[in-house]
Amino acid sequence: MEAFARQDTSLHVEGVALDAIAREVGTPAFVYSANHIRGRYTALHSAMADVPHRIHYSAKANACRGILSVLREAGSGIDVVSGGELFRALRAGFAPEDIIFGGVGKTEDELREGISAGVKLINVESLAEIELANGIAASLGRTVNLGFRVNPEVAVESAHKYTKTGEKGHKFGIPYDDVEHAASIAKGLSNVRLRGIGMHVGSQLRSLDAHRAGAERLLSLVEAVRRIAGDSLVALDLGGGLPVRYDDESEADVLGFASIARDAAKRSGLEILVEPGRFMVANAGVLLTRVLYRKRTGGTEYVVVDAGMTELLRPSHYDAYHRIEAVSRDDRAPQIVADVVGPVCESGDFFARARSVPDVAPGEYLVIHSVGAYGFVMASHYNARRRAVEVVVDGNRWAVATRRETYEDLVRHEPPVLDWRDGA
Ligand code: LLP
């Protein structure tokens, strides 16, 4: 089923008209299709039906409770990278054994939170972190299951250099050549058990080459690690990175990915873990925004809307393309070539430049597509803007999953009078 389709000229999400939602909750608003997300989970899960596997949705893409619940109910596990995401995952009802806790810079407090919760794996990224985790586990009288996030040091082709993570010298993971040493350190510590080995090579990957090469590199470590660690290894984590269609990219090769996983499972005898974020949610979401003004200056036509880089940073930060449509006009409506920009005081605050867009008037609504991943989660309060509302649509029903912030929310943590302490 198409999550976003027109009924006459009016764009709908599943069975609900977007302009009705906009009128009710205001704009800017993120609107997500629950059935699109279920469809994505099922597509990946069934492609891997004959592979021993577990999908751990990467919460960083979208950690809204309403979305986490949809994925949990669909059967997904979860991957978190901070104490805050761990808190969100537990609050959304994920069992600790369905949670993987990764991240390159976990603090001691965050490690303690993960170990106390009893998560399935803590994915560590350095020798020092292994020792820190061991010390914390000992102080809690526990043994912690570790996964090693390895940097496979392969060539990565992704949509932007900021989203490559598996090349030599990147900050992520244990350097490939240090992995055996790390395994012997772990072996010598009494409160850690090495359960997994894994990677995450990048995001919005252009092909499966990096997954394939990275998996090969991990497989060639498995035997050496087993010789050191004994047979404690149970899992091989292939990370996330499956691409989605923003413009004219091809759809993710889910079957190709499953065949890499199948081969890795057969050769290693390990369960395959996957951590998709974008693939699950990106195309499930739109950002609804209202046209405030039209203006022309220095030969450029501008459409000024009420959403900005504070709601969706991707165009500004990665030069990312997001398709834009009018809510109540179809593609046959007259077009103009314009820059679609937000109200934030920066020239980098844009959604599209010199793009052919509908000839909309102030008051009309636009949708910016494919914002379900790395949209709301990357929002900021710059210019004292309140974070937007998030809405989930499920069939003919819809609900507010996150209410729009109020001005009071913006200042909640600021005491009206400073409580000065003596620092001398
Ligand atoms: N696992 C790990 C360890 C990760 O670092 C990431 C993403 C994922 C899984 C999920 O990757 P995905 O399946 O979503 O590609 N803000 C950027 C994307 C940053 C991705 C960071 N790591 C963007 O808007 O394009």
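Start with helices α5 and α6, which cross in a right-handed sense. This is a predicted model. Select residues 108–117 for α5 and 127–139 for α6. Their axes come within 10 Å and cross at roughly 55 degrees. How do α5 and α6 lie, oblique or roughly parallel? Angles under 35 degrees count as roughly parallel, and 65 to 115 as roughly perpendicular. The α5 and α6 pair is therefore oblique.

**Next pair: α2 and α9**

Select residues 34–47 for α2, then 254–268 for α9. Here the axes come within 9 Å. The crossing is at roughly 40 degrees, which makes α2 oblique to α9. View the pair along the line between the axes. α2 passes α9 in a right-handed crossing.

Now pick residues 179–187, helix α7, and residues 209–229, helix α8. The two pack with their axes 9 Å apart. The angle is about 25 degrees, so α7 runs roughly parallel to α8. What is the handedness of the α7 and α8 crossing? It is right-handed.

**Two backbone stops**

Most peptide bonds are trans, and most residues other than glycine have a negative phi. The next two selections depart from that.

Go to T27 and P28. A cis peptide bond joins T27 to P28, with omega about -5 degrees. Where does P28 sit? Show α1 (18–25) and β4 (29–33): P28 is in the loop between them.

Then jump to S370. This residue is not a glycine, yet its phi is positive, about 60 degrees.

**Last stop: the ligand**

Select the ligand and its surroundings. How many residues surround the ligand? The shell holds 18 residues. The closest are S203, E275, R314, Y318 and Y374. Colour the shell by class: four residues are nonpolar, eight polar and six charged.

Now turn to the individual contacts.

- S203: an N or O atom of the side chain is 2.4 Å from a ligand oxygen atom.
- G241: a polar backbone atom is 2.9 Å from an oxygen atom of the ligand.
- K60: a polar side-chain atom lies 3.5 Å from a ligand oxygen atom.

Finish with a surface on the ligand. Taken alone, the ligand exposes 590 Å². How much of that does the protein bury? The protein buries 89% of the exposed area.

Note on methods. Residues are numbered from 1 along each chain as its sequence is written. This is a predicted model: local features need pLDDT of at least 70, side-chain atom pairs count only at pLDDT 80 or more; totals for chains, interfaces and linings use all residues. Side-chain values use heavy atoms; hydrogens and water are left out. A residue is near a molecule or strand if one of its heavy atoms lies within 4 Å of it. A polar contact is a pair of N or O atoms within 3.5 Å; within protein, one must be able to donate a hydrogen and the other to accept it, and residues adjacent in sequence count only if both atoms are side-chain atoms. Accessible areas come from the Shrake-Rupley method with a 1.4 Å probe; for residues, only the protein chains shown count as cover. Ala, Val, Leu, Ile, Met, Phe, Trp, Tyr, Cys and Pro count as nonpolar, Asp, Glu, Lys and Arg as charged, and the others, Gly among them, as polar. Axes are lines fitted to C-alpha atoms, for helices over the stretch in contact, and angles run from 0 to 180 degrees between N-to-C directions. Helices (H or I, at least four residues) and strands (E, at least two) are DSSP runs, numbered from the N terminus. Angles under 35 degrees count as roughly parallel, over 145 as roughly antiparallel, 65 to 115 as roughly perpendicular and the rest as oblique. A crossing is left-handed if the near helix is turned anticlockwise from the far one by less than a right angle, and right-handed if clockwise.
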